[in-house]
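I set down each item as I looked it up.

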Amino acid sequence: ALALWGERFQSVPYFVEGYGTMGVTPGLVHIIDPKWVMQFNEFEGAFLYMHEIGHVMRDTAGRRGDRDHKLFNQAADIAINDDLIAAGWTPPDGEDAPLTSASFGFPKGLTAEEYYDLLLQRQQKASKDKQKKGAQEGPGAPGDPDGPPHLCSGHCGGIAGNPGELETKLDQEVGRSQIDKKA
């Protein structure tokens, strides 16, 4: 899968031990924690690679607009993961199971923009409910974009419009230019 990814999309593989996941920057630097990725079998690993390719192919960062970057990343993940599963790809399970429409009780087959609207409605309702009850729930709930990061769960980084410091640095040092990406 890595050879396909690099050949087709001209990405730059970059291994970072301790990164705890993988992701793709806007400059197509594919950051991979080698120890993290080795915990998955070849089918799950292929799913994870295809998930990242999905963000590139669907131009997640470009479609986000002024929407909340974390919530839109999560919405895009739902759409990508549903499509991969429907196509027969094998997702990881357990703690690393990807977000799907079913995990939220949403209908299948919607766009990232439609899932975003549903997630935003859910978030606004939860906020109103918390105000009424006076309760406060911290990060870490399933599907919480502020919870612990793992791939396919709203933490896909720059290619999904949610870049971190390392990604910005790597794009400047080894990332592809806009001209390279368009070619």
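**Start of helix α3**

I began where α3 starts: a side-chain oxygen of Asn-41 comes to within 2.8 Å of the backbone nitrogen of Phe-43. I note that the model is predicted.

I then took the span of α3.

I looked up burial next. Twelve of the 16 residues in α3 are buried, and the helix is mostly covered.

Just after α3, I found Asp-59 with a positive phi of about 50°.

**The sheet**

I turned to the strands. Three of them form an open sheet in the order β1-β3-β2, and the pairing is mixed. I recorded β1 (12–15) and β2 (22–24) as the edge strands; each has a single partner strand, so one side of each is left without a neighbour in the sheet. Neighbouring strands are turned by 15° against each other on average, direction ignored.

I checked one pair in detail. β2 and β3 (residues 29–32) pair in the antiparallel sense over three bridges. Within this pair, Val-24 stands opposite His-30 in β3.

**Helices against the sheet**

I returned to α3 (residues 42–57), which packs on the sheet and touches β2 and β3. Its direction makes about 20° with that of β2.

Last, I looked up α8 (residues 165–174). This helix lies across β1, β2 and β3 and runs at about 130° to β3.

Technical notes:
Residues numbered from 1 in each chain as written. Predicted model: local features only at pLDDT ≥ 70, side-chain atom pairs only at ≥ 80, totals over all residues. Heavy atoms only, no water. Pairing = 2+ DSSP bridges. Helix = DSSP H or I, 4+ residues; strand = E, 2+ residues; numbered from the N terminus. Axes fitted to C-alpha atoms, helices over the stretch in contact; angles between N-to-C directions. Contact = heavy atoms within 4.5 Å. Buried < 20%, exposed > 50% of the residue type's maximum accessible area, 1.4 Å probe, protein only. Polar contact = N/O pair within 3.5 Å; in protein donor to acceptor, adjacent residues only side chain to side chain.
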